[in-house]
Amino acid sequence: DPRCMYIIADVYGTILAYVQRVHGSSDVIFEPNSIWHYRPDDDPNNVLLGMSPLETALWEARTDISAAQSNYAFFENDAVPSNLYILEKGFTIEEKKEAVKAINEQFSGSTNRHKSAILDGVKEVKTLSMSQKDMEFVIGRKFNTDKICSVYGVPKYILGYTESVNYSNGEGILRKFYQSTLQPMEDDYRDAKMELYNQIGIGDKVKLKFLPQTFIDEAQNRTFSLEEFKSGAS
């Protein structure tokens, strides 16, 4: 876990060692050439550290989690926004607890949504929050998904969002994802691995290569096959 790794460097930025520090255990020290420090983005505040792509969309990610939790609570709490229940004057603490218990039993849970009831001691009910439509849960979560996918270079199609995707452009989306996101990561990994092999003296004996992804253009193949058939090929 990179969160437990620390860098020791001199005043010129030369890395002297990596230290793994986990609470409750002794530090483990690694030589600089034994650690592959993969940095997809540079940290503008520290040239020695990298920055996760999610850093630029951190609040969107947090907002998406909070929206999901709020959406769940919305349906668990009577499928309506928070309400203020005004009780009759003179209620004792025990009577108030019994009133709250009765409200929870009759209104909590999605199966009790829009249910009407008469409760002894409840003088008035006031809605404190906006409706679900006003909160725009779905639209907000869609925006968050767009932002998070964009910083990682992952098309939403990969996650199962198929709107605006059809037979003709689906393969092109996958090809672009491979060429612009996966292939650069493969190249970075290959270069780092070969550098390690060179340091231990076996770089001239090892060759590391990723098998390229192949994408078949079905429409082009059909056109080619038709031309071949017209020319007499069987």
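This is a short walk through one chain, from its overall layout to a few side chains. The model is predicted, so please keep that in mind throughout.

I'll start with the layout. The chain contains 6 helices and 7 strands. Read from the N terminus, the order is β-β-β-β-β-α-β-α-β-α-α-α-α. There are 234 residues, and 16% of them count as buried. The accessible surface comes to about 17,700 Å², with carbon and sulfur atoms supplying 55% of it. Among contacts with a separation of 6 or more, 48% are between residues 24 or more positions apart.

Strand β1, residues 5-9, runs antiparallel to strand β2, residues 15-20, and 5 bridges join the two. One of the pairings is Ile 8 with Ala 17 in β2. Between the strands are 5 residues, and in this hairpin Gly 13 has a positive phi near 90 degrees.

Now the surface. Which residues make the nonpolar patch of about 530 Å²? They are Trp 36, Tyr 38, Leu 182, Met 185, Tyr 189 and Phe 210. Tyr 38 sits in the loop between β3 (28-30) and β4 (42-43). Its relative accessibility is 31%, so Tyr 38 counts as partly exposed.

On cysteines, I can be brief. The structure has 0 disulfides. Cys 4 is buried, at a relative accessible area of 14%, and Cys 149 is buried as well, at 8%.

That leaves the charged pairs. The count is 5 salt bridges. In one of them, Lys 156 pairs with Asp 146, and the closest N and O atoms are 2.9 Å apart. The two residues are 10 apart: Asp 146 is in helix α4, while Lys 156 is in the loop between α4 (137-152) and α5 (170-199). Asp 146 counts as partly exposed because its relative accessibility is 29%.

Helix α5 brings us to Arg 190 and Asp 187, which both lie in it, 3 residues apart, or about one turn of the helix. Their side chains form a salt bridge at 3.3 Å, N to O. Arg 190 also meets Asp 191 in a salt bridge, at 3.2 Å.

Conventions. Residues are numbered from 1 along each chain as its sequence is written. This is a predicted model: local features need pLDDT of at least 70, side-chain atom pairs count only at pLDDT 80 or more; totals for chains, interfaces and linings use all residues. Side-chain values use heavy atoms; hydrogens and water are left out. Two strands pair if DSSP finds at least two bridges between them. Helices (H or I, at least four residues) and strands (E, at least two) are DSSP runs, numbered from the N terminus. Buried means under 20% relative accessible area, exposed over 50%, partly exposed in between (1.4 Å probe, protein chains only). Contact means heavy atoms within 4.5 Å. Accessible areas come from the Shrake-Rupley method with a 1.4 Å probe; for residues, only the protein chains shown count as cover. Patches are made of residues with over 30% relative accessible area and no salt bridge: like charges are joined within 9 Å, nonpolar side chains (Val, Leu, Ile, Met, Phe, Trp, Tyr) within 5 Å. A salt bridge is a side-chain nitrogen of Lys or Arg within 4 Å of a carboxyl oxygen of Asp or Glu. A disulfide is a pair of cysteine sulfur atoms within 2.5 Å.
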